[in-house]
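The sequence and the structure come first.

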Amino acid sequence: LGLVGQEMYIRNRYQRRVHGIYNQQGKGMVKTYELRTKDEKALIEELAKLKGELAKARIGKVSAAATQVKASKIKVLRKDIARILTVINEKRRTVAHDKFKKKKLKPLDQRIKGTRASRRKLTIFERTRKTKKQQKKLNCNPRRKYAIQAQFSHHFHSCLLYTSDAADERSSVDLGGRRIIKKKN
């Protein structure tokens with residue numbers, strides 16, 4: 001495009017944006033914030049009206065010579081229909097969310113999605129379950145504790161405690177697979 005072609009393109013684009021295709025007929029795009037204030041019945045009526053207009057515009061596109069105007073009108077109508085459907089869906093979801101807020105079981109679309117791994121990981125109950133064999137083993141072999149004396153500058157203190165299993169405490173030290181727990185005085 002030359003300089004003249006660019007100026008014409010910019011001017012046409014500006015006119016379309018400012019004046020709009022529908023402003024000649026007194027119609028415009030549907031605003032989402034306006035749709036949110038309406039109730040569902042009004043939204044469904046407006047949806048039916050827009051679908052009728054879309055059908056007429058598609059028929060007019062095939063028969064009429066002004067295909068450019070019809071094509072752009074079809075695009076705007078389709079976007080308006082999508083906006084209305086989105087707002088209807090939002091309203092229905094909020095109603096469902098309020099309905100299942102205090103319930104234990106929720107529909108799949110109301111649950112927290114999380115990650116794929118988090119959805120598949122075991123629950124705390126499943127992780128802590130033990131078989132009968134494991135329970136017997138734990139009962140027969142309880143946790144053992146050993147006291148070890150350590151020498152600090154010619155004073156003997158009983159300060160370290162060794163346990164046979166891995167305890168989850170902050171004051172513990174792991175030494176080659178064995179965990180040493182500092183005894184609190």
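Which residues is Q110 in contact with, leaving aside its neighbours within four places in sequence? They are R93, A96 and H97. The model in which these contacts occur is predicted.

## Q110 in its loop

Q110 sits in the loop between α4 and α5, the latter covering residues 116–120. The relative accessible area of Q110 is 15%; because buried means under 20%, this residue counts as buried.

With H97, one of the residues that Q110 contacts, there is also a polar contact: the side chains of Q110 and H97 are joined at 3.2 Å.

## Overall make-up and confidence

The secondary structure of the protein comprises seven helices and four strands. Read from the N terminus, the order of elements is α-α-α-α-α-α-α-β-β-β-β. The protein has 185 residues, of which 17% count as buried. Among contacts with a separation of 6 or more, 39% come from residues 24 or more positions apart.

The mean pLDDT is 76, and 61% of the residues reach 70 or more.

## Helix α3

Helix α3 spans residues 40–63. It has 24 residues and reaches 35 Å from its first C-alpha to its last, close to the 34 Å expected at 1.5 Å a residue. The buried residues of α3 are L43, E46, L47, L50, E53, L54, A57 and G60. An α-helix has 3.6 residues a turn, so residues three or four places apart point the same way.

## The nonpolar core

The largest nonpolar core consists of 13 residues, and those with the most contacts inside it are L35, L43, L50 and I84. The elements that give two or more residues to this core are α3 and α4, the latter covering residues 67–99. The largest contribution is that of α4, with six residues. In soluble globular proteins, nonpolar side chains tend to be buried together.

L35 is one of the residues with the most contacts inside the core. Leaving aside neighbours within four places in sequence, L35 is in contact with V30, L43, E46, R83, I84, V87 and K91. This list includes L43 and I84, which are also among the residues with the most contacts inside the core.

Not counting residues up to four places away in sequence, E46 touches V30, L35, K38 and I84. Of these, L35 and I84 are among the residues with the most contacts inside the largest nonpolar core. The side chains of E46 and K38 are joined by a polar contact of 2.7 Å. E46 and D80 are 34 residues apart along the chain, and their C-alpha atoms are separated by 9.9 Å.

Key:
Residues numbered from 1 in each chain as written. Predicted model: local features only at pLDDT ≥ 70, side-chain atom pairs only at ≥ 80, totals over all residues. Heavy atoms only, no water. Polar contact = N/O pair within 3.5 Å; in protein donor to acceptor, adjacent residues only side chain to side chain. Contact = heavy atoms within 4.5 Å. Core = buried A, V, L, I, M, F, W, Y, C linked by side-chain atoms within 4.5 Å. Buried < 20%, exposed > 50% of the residue type's maximum accessible area, 1.4 Å probe, protein only. pLDDT = per-residue confidence, 0-100. Expected span 1.5 Å × (residues − 1).
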